[in-house]
Structures are given as C-alpha cells and as structure tokens.
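Welcome! Please have a look at the sequence and the 3D structure below, and then read on for a short tour.

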Amino acid sequence: MFSHRPQNTVLETLPLKTTTMQMMPVMLLRVAPAVLILLAVTLMVLHRADTLPVGRLRVAVMDTIAPALTAVSAPLSSLIEQIEGVTTIRDLKAENIRLKEENIKLQQWYESALRLQAENQSFRELLNVKADPALSFVTSRVISDAGGSFVKSVLLPVGSRDKVQKGNAVMSGHGLVGRITEVGQQSARVLLITDLNSRIPVIIQNTRTKAILAGKNQDLLKLERLPADSGIIIGTRIVTSGDGGQLPPDLPIGTIVSAGNEGVWVRPLSGISGLAHVQVVNIDIDQTLATGEIIPPSFKNKK
Amino acid sequence: MLRMVGRWGLALLVLFILFALSAVPFEVPHLGEIRPVFMLMAVYYWTILRSSPLSPLLAFAIGLVIDLLSAYPLGMHALVFVAAQWLTSSQRKFLLGQSFLVIWAGFALIALGAGALQWALFALFNAELLSAKPMLVSVLLSVFLFPLLVLPLSLAHKALADDPSSMP
C-alpha cells in the first residue's frame, strides 16, 4: 500500500533558480507548525476570555454546512431505519398483540383525560384563571451530533425562518433534552442537558423545591443548589421551573435515581444520546398577544 | 492544470466524506461519543503519502472547521491536528519505508497522543476533569478502522498519482 515511490514535495522538485520567484505564494502560505500551534493556543485563550465573536462564527459555519449535512444524513437515516425494520419483522406478531393490549389501556386513559380536561376547564372558569401562553412546536430531524467525547450538542436544520429562537426548549419523546443556544437562518444548535455547560432551573415536583440541574458529560444529571432539608425521595419527577424566563415551566425532565453523599442524581426521561428527531418548543408570541393572555415578563422584550 | 484541479477536487471530496462520517448522527445511543477520529486518519495518511508545504495549514483549517461546527473551544482540534501533522511529518522518512503494520502502529500512537492531548486541553479549558473512557474507546475504534479507511484512500491516491508523464 505504501510501497510505491513517494512524491517529492513541490519545493524539492523545482530547480533552484526558479524557486524564489515561482513559489512565492506557496512560500507565503508555508507557515511553520509552531506558529500554527501558537495561533491555536491564542484562539483558545481568547475564546475562554470571551473576546472573540465565536457564536457568530459558529452560526456562519453552521448555516453554510447545514444543507450538505441534511443531504448526507437523510439517506443514512433511512438506511438505519430499514436495517431496524428488517430486524423487527420477526417480532411483528408479538408486537401486534402487545400494541392491541396497550391500545385498550390507552383508550381508557383517553376517556379519563377527556373527563379531567372538562373538569379542569370548569374549575378554571370558576377560579377565573388565566391560561399559560400557548406553546407551538417545530419538529425537526437531527443532522449532526459531532460533539464527540467531550461536548454534548446537536445541530438541527431549522432556524430563524422557522421562528426558532435562542433559548427555546427542545423536547424528545417524553422529556426535555436541551435548549437552543445558537440560531442561524436555516440551522440551530441544541446544547443537550448532559453537556458540562448545561444548567437548567428546575423544581422537584412533589415538594416544589427549587434547584439547578447540571450536566456532567454523562448519562445522569446532578441536582445542585438544593436546600439542606429538601427531603429527597427516589423516583420523584423533576420539571423545569420556568425561572429566568428562558424555558416554559413544568416541562418534564427526569426522575431522581439516587441521593447520597455524592449528591442527588437524575435520569432523564428521554434518552439524550442517539437522538433522531426532536421538537423545538416555542411560546407562540403572536397568538398570546392576539388573545391577550399573560406573557411571562422575560418574553415581553423578545421579537 | 486540469489534473491539479482534479486532484484537489478528489481530495476535497474525500475530506467531505470523512467529515460527514464524523458529523452525521448514528441514532444509536453512545455511538456518537465513541466516534472514531476519521479526520485524524486523513491528516496522518496524507502527511506520509502526500506531504506538501501546505499540510500544516490544511490540518489547522480542518481542525478549526470542526471546532466551530461541534462547539469545541476554538482552536482545540486545530492544535491537536497540527501537532499530529508535525509529529508524523518528522517521522515521515522513517515511516515511508516501513511495512503497513508499522504505519498502523504509528497511527495508534498518534491517535492515542491526540486523544490524550485533547482530553488534557479540555480539562484545562473547563477546569474540570472528565472521564477519559469515551476518548479511549474512540481511539481504539479509530485504530481498528484505520486499515478499512486507508484502503479506499490509497486506491484514490494511486489512481491520481499513476500519471505516465510524471513517472520516473
């Protein structure tokens, strides 16, 4: 494979006298690795010190590459689906029986949900409660999860033209998986809740205790800033508090799985790794203005 | 001139395929975390076989694009790739005469070094030690997949390099 004769470098193959004149452009570009390493270190330091418009640069690259990644990831995605289809065909019969049983159960749930909704509505009318602003959803495929071992983030092929905004919550299946941190015209980046930089204001559902849910670059999330006597019970659900106004309140995130000397740990309801589709949750500002509903103060200044 | 455009075109195509491989979601839990470092394979391979004065700059540029796209600290991949390119280039003369097994072992060392460097840089940047396990698995996967990836790379290289007019 490597046995044939190596190619000489451009500089070696040229006669000496023509080198200086003809190779000027190449000479100029021939930067010593040491200089490049120094440049890279400088970039990292400047990035850490927040003096570079890294966000804007990322959005520019994201928007440029998103169409190509969309084109590449679509066939791969359908290939994976087909492979999964083949493996599950054997289990189709058992699956069918299970689904029928589940359907009967869900019908019962549906009936009781309708009953509760009607009851809730009448109570709301009695108490004269203003409803929360309407939420709108944008469903999107994931086109890239290039984060590798140390960064947990994914790219979506939706952007400002789809009314996606910075700070929007991103859900998958049953729970919150992240929030939008950068938005381009046709792409957006989601910082997943497992990332080291993710901090979500949350509430422990049964006690209404407030805390911060921090990503630790692993499957479980850690509850931080908990009051000392918060009476943690394993299995309790954690939901968003809506504090800070970035995320809507009461979006489910996960359940407490362990509490001890090493802190309180939460398992997300949705698998955060290997996402295929997600929903971007947006408070529909137009609709809330039209209907005169209460708008959280933090959303008032947004476009 | 046309050949040169063709060569660069093919090189860019290969780069894009490798890049897509390192970016598209696999939709399988945890596979993304242990994704092999495909771009490092390209940097290593081309440094040995097609070294040019532009190689360090190219490695830097590839790294920078990955940093921007995957939300890494700006310059981290760039630094790792340039360092890997530099180290490989310093051993190029030795590596060229060796069997494939030695080249493979060389890649294993470079990949491990690059992974360790990245882990250390990330810890420094975030002032927090992270588990090195996913990185180690990723390095291991990269080493196992290296021969598979180098085969098409080498065929493409031969198809381009076997120009009768440039034969000795």
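Helices here are DSSP runs of H or I with at least four residues, and strands are runs of E with at least two, numbered from the N terminus. Helix α6 of chain B covers residues 100-126, 27 residues in all. Its first and last C-alpha atoms are 39 Å apart, close to the 39 Å expected at 1.5 Å a residue (the expected span is 1.5 Å times one less than the number of residues).

## About the model

This model is predicted: local features need pLDDT of at least 70, side-chain atom pairs count only at pLDDT 80 or more, and totals for chains, interfaces and linings use all residues. Residues are numbered from 1 along each chain as its sequence is written, chains are lettered from A and ligands numbered from 1 in the order in which they are written, and side-chain values use heavy atoms, leaving out hydrogens and water.

## A buried alanine

B:A59 sits in helix α3 (residues 55-69) of chain B. With a relative accessible area of 2%, B:A59 is buried (buried means under 20%, exposed over 50%, partly exposed in between, with a 1.4 Å probe and protein chains only). Leaving aside residues up to four places away in sequence, B:A59 touches B:V43, B:F81, B:V82 and B:Q85 (contact means heavy atoms within 4.5 Å).

## A covered helix

Now meet helix α2 (residues 38-49) of chain B, whose end C-alpha atoms are 17 Å apart, in agreement with the 16 Å that its twelve residues should span. Twelve of the twelve residues in α2(B) are buried, including B:F38, B:V43 and B:W46.
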